Amino acid sequence: MSTDFTVAPSPIEAVPVSGPPQHPLGRIPVQDVRPCVDHGTRPAKSVVGEPFTVTAEVFREGHDAVNATLVLTDPHGTERHLPMTCTNPGLSQWAGEVVADTEGLWSYRVEGWSDPWATWVHDASIKIPADIDASLMRAEGALVLDRAAADPDRDEGGRAALRSAAAILRDEEGHRATAALHLVTTGTAAVELATTPHRELVSPSRDLPLLVERELALFGSWYEIFPRSEGAHVDPATGRWVTGTLRTAAQRLPAIAGMGFDVVYLTPIHPIGTTARKGPNNTLEAGPDDPGSPYAIGSPDGGHDAIHPELGTFADFDDFVAEATRQGLEVALDLALQCSPDHPWVTEHPEWFTTRADGTIAYAENPPKKYQDIYPINFDNDPAGIYAEVRRVVQVWIDHGVKIFRVDNPHTKPVEFWQWLIADVAVDHPEVIWLSEAFTKPAMMHTLAKVGFQQSYTYYAWRNTVPELVEYGTEVSGEAAAYMRPSFWPTTHDILTPYMQFGGRAAWQVRAALAATMVPTWGIYAGYELMEHVARPGAEEQIDNEKYELKDRRWDQVVEAGGSLIDWLTMLNRIRREHPSLQLLRNLTFHHVDDENLIAYSKSRTLPDGTTDTVIVVANVDPHSTRESTLRLDMAALGRDWGDRLEVEDLVTGARWDWGEATYVRLGVETEPVHIVSVRQP
């Protein structure tokens with residue numbers, strides 16, 4: 001671990017960052033290679049096994065055939081040459097699919113090249129049947145085959161096939177012209193040149209970086225808890241609250257894993273200050289038993305590298321992580337870089353904060369909001385010291401088994417700090433995943449993703465109408481998907497939109513279903529199962545918010561009573577695991593529904609055995625009404641002909657239907673609000 005913020009850069013930073021690089025135009029022009037993040041100064045992102053498409057514009061002068069190859073270079077320098085296809089013949093757009101099979105920093109480039117064999121086949125197929133220069137065409141074809149046979153990377157079997165074809169073309173007495181043309185363009189020589197083409201005038205684009213990470217960076221289901229509430233209860237003898245602990249929180253892990261979640265995310269577990277401590281519902285007067293906000297970090301018991309004494313010890317935390325691992329869960333920890341006035345840093349390093357004109361330290365504000373219990377860190381005061389201390393703190397938790405950090409308000413800290421921190425951690429711990437909680441301006445959200453955050457909170461919670469969802473889904477699955485992976489959360493401990501407050505059960509079902517199927521990573525905040533929908537007056541967050549008090553949800557009684565969304569959430573996560581198409585981001589296609597309140601989209605993925613997994617989702621975003629309409633499927637986008645019929649199974653109800661281009665659907669409060677259907681193979 002480095003404690004110096006000028007440490008040698010990780011592979012992410014190894015890419016030059018000065019201006020758009022100049023690359024000479026080759027003999028065969030190759031332009032507009034995509035994805036290309038910030039002119040190639042930052043890596044595009046992928047995970048192991050994730051297919052994505054590289055495109056480029058490749059052309060040449062005149063009428064000779066041009067072709068393109070996608071060259072993928074692994075972290076060890078081994079190159080893989082992959083064919084590209086012209087997607088709009090005559091208009092120079094080429095595409096090829098990339099799938100990386102190991103983590104690390106890769107690169108890719110596109111090589112344009114002259115294709116003399118394709119040029120000859122085109123010309124010969126016109127001239128020889130018309131008996132125009134037939135002998136000359138045969139001779140020229142034989143010369144092309146001679147040159148191809150001399151390629152240094154061709155094996156002996158391939159050389160023999162090409163030489164045999166050249167001999168056929170030269171044998172005018174033994175093979176008539178049309179017969180010779182047929183033999184060489186359909187036989188083993190043609191197969192050889194299709195698999196190992198003869199490339200002339202090869203012109204490469206510059207290499208672009210590709211960072212390949214582990215699967216959880218793209219695909220996962222998160223469950224958020226306040227550990228102090230798990231096991232919290234009122235003592236019947238005293239009438240006073242008893243806090244939950246890390247040990248009682250660990251007892252909740254089997255239920256979380258049982259619903260199919262992959263990540264349990266803990267809000268801050270550090271000591272909480274008493275100065276300006278917030279009371280219930282963000283009031284400024286805290287009683288002696290009020291626990292305070294866990295985001296007001298720091299007290300005489302310690303700071304970001306300590307555990308609140310009421311929660312337990314590091315031994316308890318280690319046991320929590322071990323139990324999570326046994327349950328198939330990873331632990332994500334909140335990294336909230338702000339301090340209570342009682343934090344040790346305030347007395348040890350007052351220069352790390354902003355001093356106002358009256359000599360006081362400035363507390364956090366986002367007018368009209370005030371956070372009197374929090375001091376923001378001023379990263380411009382002693383950046384070397386702050387960088388080193390935060391890096392040390394992060395390492396403490398990595399050493400105790402944390403491999404995921406949910407970062408609170410990263411947009412209020414310098415971007416260059418995150419670029420350095422994430423890169424420095426990646427040197428020794430490339431498996432660490434960072435989730436950006438930045439509900440802010442698009443430029444900041446996107447830049448945080450570009451400099452290293454693997455995942456990003458999004459505006460999903462506020463996108464409720466069909467046009468909003470289609471526009472946003474198209475955005476996050478399009479060009480931005482090369483570097484920003486969205487995480488969809490219907491609610492958080494800070495967010496309870498009017499849609500969720502007043503939509504009833506259907507709203508909570510629909511928002512979970514859309515989040516779980518539209519993008520690969522989604523999350524919920526504990527209590528979603530109970531549809532906790534009552535807001536604090538004047539705020540879009542829950543009343544009696546868990547940020548300021550303990551909460552006993554009586555999970556044992558919830559399970560016994562039924563009526564919760566536990567089964568719904570479990571179903572969604574099961575569907576996600578069973579259908580690989582839902583584990584990708586860039587494969588989202590929207591379809592039209594006549595009723596503007598119904599949304600439809602599909603996701604498809606070709607599996608290693610050659611079959612295709614396709615899921616179609618149709619949902620009614622009006623939580624108050626049952627609506628019926630006509631779904632109009634884009635059959636071409638589904639890989640089918642327009643007259644085809646689809647055998648589908650509803651994964652929500654088990655019903656089976658026969659769907660075509662135009663299909664009647666009925667969804668809403670009187671029936672199921674969502675269809676999630678699996679399309680059977682033709």
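1. Contact of α3 with α4. In this predicted model, Ala 165, Ile 168 and Leu 169 of α3 meet Ala 180, Leu 183 and Val 184 of α4. By class, the residues of this contact are six nonpolar, no polar and no charged. Helix α3 covers residues 156-170 and helix α4 residues 177-186. Their axes lie 9 Å apart, at an angle of about 170°. The two helices are therefore roughly antiparallel to each other, since angles over 145 degrees count as such.

2. Contact of α10 with α11. Helix α10 spans residues 383-399, and helix α11 spans residues 415-428. Their axes come within 11 Å and cross at roughly 40°. That makes α10 and α11 oblique to each other. The crossing is right-handed. From α10, the residues in contact are Tyr 387, Val 390, Arg 391, Val 394 and Ile 398. They meet Glu 416, Phe 417, Trp 420, Leu 421, Asp 424 and Val 425 of α11. The residues of this contact divide into eight nonpolar, no polar and three charged.

3. Largest pocket. This pocket holds about 1,300 Å³ of space. It is lined by 38 residues. Closest to the pocket centre are Asn 366, Lys 369, Tyr 371, Asn 409 and Asp 494. Which elements give two or more residues to the lining? They are β17 (364-366) and β18 (369-371). The lining has 16 nonpolar, nine polar and 13 charged residues.

4. Cis peptide beside the pocket strands. The peptide bond from Pro 367 to Pro 368 is cis, with omega near 10°. Pro 368 sits in the loop between β17 and β18. Both of these strands give two or more residues to the lining of the largest pocket.

5. How many cavities of 30 Å³ or more does a search of the whole structure find? The search returns one. The volume of the largest cavity is about 50 Å³. Its lining includes the aromatic residues Phe 439, Tyr 457, Tyr 460, Phe 488 and Trp 489. Ala 461 and Ile 495 also line the cavity, as do Thr 458, Ser 487 and Thr 492. By class, the lining has seven nonpolar, three polar and no charged residues.

6. The loop between β1 and β2. Strand β1 covers 30-34 and strand β2 covers 44-47. Two backbone features fall in the loop that joins them. One is a cis peptide bond between Arg 34 and Pro 35, with omega of about 5°. Pro 35 lies in this loop. The other is at His 39, where phi is near 60°. That is a positive value in a residue other than glycine. His 39 is also found in the loop between β1 and β2.

7. Positive phi in a strand. Leu 201 is not a glycine, yet its phi is positive, at about 55°. Where is Leu 201 found? It belongs to strand β9, residues 200-204.

8. Places to look at in the model. For backbone geometry, view the cis bonds at Arg 34 to Pro 35 and Pro 367 to Pro 368.

Technical notes:
Residues numbered from 1 in each chain as written. Predicted model: local features only at pLDDT ≥ 70, side-chain atom pairs only at ≥ 80, totals over all residues. Heavy atoms only, no water. 1 Å grid on protein atoms, 1.4 Å probe; cavity = no way out; pocket = protein on both sides within 12 Å on 5 of 7 lines; lining within 4 Å. Points joined across faces, edges and corners; volume = space filled by probe spheres on them. Nonpolar A, V, L, I, M, F, W, Y, C, P; charged D, E, K, R; others polar. Axes fitted to C-alpha atoms, helices over the stretch in contact; angles between N-to-C directions. Helix = DSSP H or I, 4+ residues; strand = E, 2+ residues; numbered from the N terminus. Parallel < 35°, antiparallel > 145°, perpendicular 65-115°, else oblique. Left-handed = near helix turned anticlockwise from the far one by under 90°. Contact = heavy atoms within 4.5 Å.
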